Amino acid sequence: MEGVGAAGWPEPVVRVQSLSESGAATIPDRYVKPEAERPATPLEAAAAAAAAAETEGGGIPVVDLLSPCDPATARAVSEACRDWGFFQAVNHGVPAGLLRRARAVWRGFFRQPMEVKQRYANSPATYEGYGSRLGVEKGAVLDWGDYYFLHVRPPHLFDPDKWPHLPPELRETTEEYSREVAALCGRLMTAMSVGLGAAPSRLQEAFGGADGAGVCVRVNYYPRCPQPELTLGLSSHSDPGGMTVLLADDRVRGLQVRRRGAWVTVDPVPDAFIVNVGDQIQAVYTIQLSKPSTSPP
């Protein structure tokens, strides 16, 4: 399939959605992962799920944020960060109706004609806009997915020309969603700070304060794949920032987290957020755990 030229990319960019909708029975070699990186077979996945159910209580922790200032909440968040680096947040304060609207407007964007989406094609200079690959290595094995990436804060990175005009309600909904999730991140960092034994504002101040922290939005779109056993929607990775707050498709199980050498599939709780502690905050927990403990004589 013919690709779309874009400044900065080492070769024409092919939209995965176009490949999926072409009706092809096989995927191009560019998307076939090495055997060691392919998804687990059904038997392997079942064994991992059974092990998780037996040793980890069935999966990543679920933390109730109804009372975010409660010391018990801070302990639950802190334990999840230390033990897993992931947790599902329920009663998080972001309206369920907003979550549904956010999903709907971005599904609406990816259903737009290709010529509409191509107006926002990105480049590796900032990755902001409509994209289908990361990295500029020529001939690299690619992931089976398209995405849209936006900077929200700080203000000097905000570029209104990168925000789609269709569907008409996308901009307003995404701005509202971004504000609500940024506020949730503030509440989570307060709980993490308290759990670390620091002042409640310590982590948020380290990331620039309530108005100075960087905020971005990435929407991933994973089209139907004719050979899902050979590829991945997103390769294994860790997130380099402070934290990622993921609104998963609660109708599809696909996200996996690595725990003690095994991949554990996440069962999304409806209207919950999946919180992924990024490398920067995880380092704080690692440093704290490595400190020698002392006891009174």
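I'll start with a sheet, then move to a helix and one of its residues.

Quick housekeeping: this is a predicted model, where local features need pLDDT of at least 70, side-chain atom pairs count only at pLDDT 80 or more, and totals for chains, interfaces and linings use all residues. Numbering runs from 1 along each chain as its sequence is written, and side-chain values use heavy atoms, with hydrogens and water left out.

So, the sheet. It's open, has four strands in the order β1-β2-β9-β6, and the pairing is mixed. Strands here are DSSP E runs of at least two residues, helices are H or I runs of at least four, and both are numbered from the N terminus. Two strands pair if DSSP finds at least two bridges between them. At the edges stand β1 (62-64) and β6 (243-246); each has a single partner strand, so one side of each is left without a neighbour in the sheet.

Now, β2 (residues 86-90) and β9 (residues 273-277): they run antiparallel, joined by four bridges. A89, for instance, has F273 in β9 as its bridge partner.

On to helix α6, residues 170-195, which is where A191 lies. Is A191 buried or exposed? Buried, with a relative accessible area of 3%; the cut-offs are under 20% for buried, over 50% for exposed, partly exposed in between, using a 1.4 Å probe and protein chains only. Leaving out residues up to four places away in sequence, A191 touches P68, A74 and V77, contact being heavy atoms within 4.5 Å.
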